[in-house]
Amino acid sequence: MHLTHLECPRCGLEHPADKLQNLCGCGSPLLARYDLATVAATVAPEQFGLRPADLWRYRELLPVADPRFVTTLGEGWTPLWHAPAYGHEIGVDELIVKDEGLMPTGSFKARGAAVGVSRARELGVERIAMPTNGNAGAAWATYAARAGIGATIAMPLAAPTICRQECVAAGADLRLVDGLINDAGREIAGLIAGSNGRIFDAGTLREPYRLEGKKTMGYEIVEQLGWQVPDVIIYPTGGGVGLIGIHKALHELRELGWVSDRLPRLVAVQSTGCAPIVRAFAAGEARATPWADAKTVAFGITVPAPLGDELVLSALRDSAGTAIAVDDAEILTDLRDFAAREGLLLCPEGAACLTAARHLRAGGWIRPGERVVVLNTGAGCKEGPLLNTFGRGGAPS
């Protein structure tokens with residue numbers, strides 16, 4: 001392992017990586033830093049192709065020192081699917097979908113859970129607790145069970161039923177909250193405050209290692225494209241950990257000398273029913289203000305007040321990217337149209353990225369001939385109510 005320390009991106013303070021950490025004293029999430037010069041001197045990109053097809057192939061760039069603590073269900077190395085029919089229809093001939101719906105527990109959240117739980121286990125954690133919109137809780141409960149760690153999960157009553165069932169099946173202490181994820185967060189904060197340090201806060205960006213699992217999406221995209229970067233990466237953004245992680249991965253790859261200086265433009269996609277990042281980006285603000293009355297069919301991105309707002313906004317501006325909000329009706333239409341043309345049932349968050357790509361190409365922000373990667377962050381079959389948007393027999397209604 002080449003992890004050296006944790007760094008606060010807001011105030012610059014360094015923290016030791018050999019003990020449990022949550023937020024910096026200034027309130028910012030912490031970022032893991034590595035001795036990249038040593039990694040570059042000891043590992044060559046072509047070596048990864050000789051390793052198992054999971055995210056642990058990038059072990060030198062991950063925070064777990066002792067392999068005995070690695071908790072895995074084979075996560076990572078999800079495919080890139082070319083989508084020529086739908087891409088041609090919207091004018092993006094090189095449209096590619098990274099399908100995270102094939103991950104253990106059915107979403108990209110397994111990446112963060114695998115690395116976060118492994119590192120927590122290595123540092124002696126006995127119980128984790130976190131709020132969730134559904135998929136993250138299911139993933140962390142599952143990996144915690146695999147690691148022999150207890151888990152307390154709070155989620156909104158409106159979260160997908162299957163995520164609730166996954167938590168219960170994994171033996172987690174599940175707490176249902178009548179409200180949104182920020183209300184679930186208050187439930188967990190109270191629990192942790194009264195635990196005398198016996199429960200570790202594993203909420204989104206409240207510990208530094210979930211991000212390290214998510215960043216492997218960036219490594220994989222580049223490796224799967226033959227160590228080339230795409231022109232645009234479009235990401236559905238709620239808490240924003242995946243987008244922050246991909247941005248971090250791209251910068252690490254550039255510092256390692258494994259990609260050129262030209263990096264992809266990043267796009268944060270939100271729903272018009274909950275778009276705090278889009279609003280802040282358009283206003284040129286460094287922080288987002290909480291979104292009132294948040295509601296969208298893309299439940300996973302219903303995050304009214306993301307903790308990582310300034311990191312998301314910084315990544316967008318650093319990459320010359322953008323933020324766009326799309327309407328729920330369009331999300332459902334594109335979900336149906338894409339499934340009919342490409343044979344892939346995306347989650348609504350992934351479909352939102354298609355809607356964004358369509359609008360950005362129509363407006364000229366995506367240029368002709370550009371290679372565009374969209375992230376499908378979960379399995380469409382986990383979203384039971386959305387299946388009602390299809391008619392009987394599988395044809396769009």
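Let's start with strand 6, residues 127–131. Strand 6 and strand 9 run parallel, and 2 bridges join them.

A word of caution before going on. This is a predicted model. The protein chain averages a pLDDT of 95. Of the residues, 96% score at least 70. Over residues 392–397 the pLDDT is below 50. Beyond near neighbours in sequence, that stretch has 6 contacts in the model.

Next, helix 5, residues 161–169. Which of its residues are buried? They are C163, E166 and C167. Look down the axis of helix 5. The buried residues fall within an arc of 100°, so they line one face of the helix. V168 and A169 are on the other side of helix 5, and they are exposed. What does the buried set pack against? The buried residues of helix 5 pack against helix 4, residues 135–147, and against strand 7 and strand 8. After helix 5 comes G171. The phi of G171 is positive, near 80°.

On to charges. Side chains of opposite charge can pair when their charged atoms come close. The count in this model comes to 27 salt bridges. I'll pick out some pairs.

Take E220 and K98. Their side chains meet in a salt bridge at 2.8 Å, N to O. The pair links distant parts of the chain. E220 sits in helix 8, residues 216–224, and K98 sits in strand 5, residues 94–99. They are 122 residues apart. Buried or exposed? E220 is buried, and K98 is buried too.

Now E212 and K248. Their salt bridge comes out at 3.0 Å, N to O. This pair also links distant parts of the chain, 36 residues apart. E212 belongs to helix 7, residues 210–214. K248 belongs to helix 9, residues 241–256. Both are buried.

Then E370 and R265. The closest N and O atoms of this salt bridge are 2.9 Å apart. Here the partners are 105 residues apart in the chain. R265 is in strand 11, residues 265–271. E370 is in the loop between helix 13, residues 348–362, and strand 13, residues 371–376. Why does E370 count as buried? Because its relative accessibility is 8%, and the cut-off for buried is under 20%. R265 has 11% relative accessibility, so R265 counts as buried as well.

One more item on charges. Salt bridges that share partners join R10, R287, D309 and E310 into one network.

That's the tour. Over to you.

Methods
Residues numbered from 1 in each chain as written. Heavy atoms only, no water. Pairing = 2+ DSSP bridges. Helix = DSSP H or I, 4+ residues; strand = E, 2+ residues; numbered from the N terminus. Buried < 20%, exposed > 50% of the residue type's maximum accessible area, 1.4 Å probe, protein only. Arc of directions from axis to C-beta. Contact = heavy atoms within 4.5 Å. Salt bridge = Lys/Arg side-chain N within 4 Å of Asp/Glu carboxyl O. pLDDT = per-residue confidence, 0-100.
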